[in-house]
Amino acid sequence: AVVLRANTLIPLRLLETIGSDTHAGGAKFALVVTEDIYVDDTLVIPADSKVEGEIIHAAKSGMFGKAGELSITSRFLLVGERHIRLRSLYAKAGETRADLAMGVGLVIPLAPFFIRGKQVIVPAETELIARIAVDEVFALIQ
């Protein structure tokens, strides 16, 4: 067996635009894994694996210049029939796999970087990063 460790960074791409004016708390949205994830030489998460995210909180902009609010997170990714729990969701700052490996120093909280006017909008195709929530054991098939 191989173990995919908790906190492993998973690069993602948002498949739809989400916004504080168009989404409500509890709404789900789709993402996809952008790179194959290996443990040693074993592929454990193929690129293009589906990921579900969730809106934690959304508030439209209001009177007197009140800005919109949007809090989002990743919930799980699917590998075959297996649900792998995720946590957190960050905007990607670095552009290479080496940058991702460096961890928290190169990922930034999502919310402050997509404020347009008074609404918060995260456009489709935005590159994001999630973390594996708990250790995941994969049995090797021989």
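This is a predicted model: local features need pLDDT of at least 70, side-chain atom pairs count only at pLDDT 80 or more; totals for chains, interfaces and linings use all residues.
The protein chain contains one helix and 14 strands. Of its 142 residues, 41% are buried. Among contacts between residues at least 6 apart in sequence, 62% join residues at least 24 apart. The mean pLDDT is 80, with 76% of residues reaching 70 or more. Over residues 94-109, however, pLDDT stays under 50, and the model has 22 contacts beyond four places in sequence for this stretch.

Side chains of opposite charge can pair when their charged atoms come close. Five salt bridges were counted in the model. In one of them, D135 pairs with R5, and the closest N and O atoms are 3.0 Å apart. This pair links the loop between β13 and β14, where D135 lies, to the loop between β1 and β2, which holds R5; the two residues are 130 residues apart. D135 is partly exposed, at 41% relative accessibility, and R5 is also partly exposed, at 48%.

A salt bridge also joins E125 to R13, with the closest N and O atoms 3.2 Å apart. E125 lies in the loop between β12 and β13 and R13 in strand β2, so the pair ties together parts 112 residues apart in sequence. R13 is partly exposed, with a relative accessible area of 23%.

Between R82 and E136, the closest N and O atoms of the salt bridge are 2.7 Å apart. Here strand β9, which contains R82, is linked to strand β14, which contains E136, across 54 residues. R82 is partly exposed at 27%, whereas E136 is buried at 10%.

Technical notes. Residues are numbered from 1 along each chain as its sequence is written. Side-chain values use heavy atoms; hydrogens and water are left out. Helices (H or I, at least four residues) and strands (E, at least two) are DSSP runs, numbered from the N terminus. Buried means under 20% relative accessible area, exposed over 50%, partly exposed in between (1.4 Å probe, protein chains only). Contact means heavy atoms within 4.5 Å. pLDDT is the predictor's confidence in each residue, from 0 to 100. A salt bridge is a side-chain nitrogen of Lys or Arg within 4 Å of a carboxyl oxygen of Asp or Glu.
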